[in-house]
Amino acid sequence: TPAPAPDTAGLDALLRTALGQGAPGAAARIDDHRTSYDGPATVHRLAEGVADRADAEAMDTADRFRIGSVTKTFSAVVLLQLVAEGRLRLDTSVDHYLPGLLPDARITVRHVLGHRSGLYDYTEDLFARTVPGFEAVRTKVFTLRELVARSLRHPLTGTPGAAYSYSNTNYVVAGLLIEKLTGEPVRTAYEDRIIGPLKLADTFYVHPGTAIPGRHAHGYLTPDEPGGALVDATEQTVSWAQSAGALISSARDLNTFLSALLGGRLLPAAQLAEMRRWFPAGTGQGYGLGLRRRDLSCGISVYGHTGAVQGFYTYAFTGENGLRSYTAVVNTSNNGAVQATMLRTLEPVFCGKWAR
Ligand SMILES: C[C@@H](NC(=O)[C@@H](C)NC(=O)CCCC[C@H](NC(=O)C[NH3+])C(=O)[O-])C(=O)O
């Protein structure tokens, strides 16, 4: 049975709701392939509001932006390619590859990629106070090991291999694994293994640079104080996240990436299957290896990742076999109402107008 057509009117209504809840702008793109993830597609583009509050430049679906944790899916793909090449084993202790880094040799590569390591999330400390925390790190450059050291000031939050517990520390360790196994910085791995082969012309890893190259949206951080002024957070190193959240991309490129991933272009079937071994991660949600699954009201499950970096929320998901891919960005963050509204957009996009 063909998938229901996207309800673009319902999607646009939700984007406008997000603006009413405090987002300066919102943009969304759907790439709807007929028979194959890399074949011809119907493209839907929607944009509301402004990319830049200073000059009221309109939001455009072509604008580049910071994708936050969607970076984790890129990092997981690189490591799973290394698994396919026989250079890494998922059920081997991280200690085997990075001796002495972690305090518990029971933590395996699979635990790290599935957020089941128990490693404390150092960003809890960094961003307990949203704007002061951001201002304190926005121009800072950390090493990946410094970020792990911040995590290890706290005990493990649980037994390695037990429940899912989201932690950025896991994808900092993933970055250290990529660098150790390839002998190259993570930027080279992203470029050689994903960005180049898929020709993702809007996708960049510029750390520790602070500028978003070319045409981009400004990102506005919502302060903790109700009614407080938005903070232009566009320029930052994102060194606090790196392999856990520092990539820059566009709606077009993320749709290409997810369609290729779920379409089987980036990983052999065995490794894609590993990525899709789900652990419970909330109601109607699963986490595999760098990949989220969300179950929708119409019985469709979608696969991708969300992103939250100062000034930008990203939602990037695709359906079965990567046929219909959807990316949306709103240029604010630290705003729960906007986040909830944007998660609802998956319904009209993948279930059509009967989902309202
Ligand atoms: C959610 C998403 N995770 C990410 O994208 C990672 C990189 N971001 C975070 O862990 C949140 C950092 C604080 C953001 C800040 N919040 C605060 O400072 C709150 N005090 C903000 O909202 O900009 C995911 O994995 O799905």
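The model is predicted, so local features need pLDDT of at least 70 and side-chain atom pairs count only at pLDDT 80 or more, while totals for chains, interfaces and linings use all residues. Residues are numbered from 1 along each chain as its sequence is written, and side-chain values use heavy atoms, with hydrogens and water left out.

**Stop 1: the ligand**

Select the ligand and display the residues around it. The shell holds 19 residues, and the closest are Ser-69, Tyr-166, Thr-306, Ala-308 and Ser-333; a residue belongs to this shell if one of its heavy atoms lies within 4 Å of the ligand. Next, colour strand β11, residues 301-309, which gives the most to the shell, with five residues. Strands (E, at least two residues) and helices (H or I, at least four) are DSSP runs, numbered from the N terminus.

Now display the pairs of N or O atoms within 3.5 Å, which are the polar contacts. At Phe-127, a backbone N or O atom lies 2.8 Å from a nitrogen atom of the ligand. At Ala-308, a backbone N or O atom is 2.7 Å from a ligand oxygen atom. At Ser-333, a polar side-chain atom is placed 2.6 Å from an oxygen atom of the ligand. Taken alone the ligand exposes 630 Å², of which the protein buries 84%; these accessible areas come from the Shrake-Rupley method with a 1.4 Å probe.

**Stop 2: helix α8**

Select residues 168-182, the 15 residues of helix α8. From first C-alpha to last, α8 reaches 21 Å, close to the 21 Å expected at 1.5 Å a residue, where the expected span is 1.5 Å times one less than the number of residues. Because 12 of its 15 residues are buried, α8 is largely enclosed by the rest of the structure. Buried means under 20% relative accessible area, exposed over 50%, and partly exposed in between (1.4 Å probe, protein chains only). Among the buried residues of α8 are Asn-168, Tyr-171, Gly-175 and Leu-181. Step on to Gly-183, which follows α8 and has a positive phi, near 70°.

**Stop 3**

Select Ala-136 in helix α6, residues 130-137. Ala-136 counts as exposed because its relative accessibility is 52%. Its C-alpha is separated by 8.5 Å from that of Leu-126, 10 residues apart along the chain.

Finally, select Pro-2, in the segment before α1 (8-20). Pro-2 has 78% relative accessibility and therefore counts as exposed. Between Pro-2 and Ala-26, 24 residues apart in sequence, the C-alpha to C-alpha distance is 28 Å.

Methods: A polar contact is a pair of N or O atoms within 3.5 Å; within protein, one must be able to donate a hydrogen and the other to accept it, and residues adjacent in sequence count only if both atoms are side-chain atoms.
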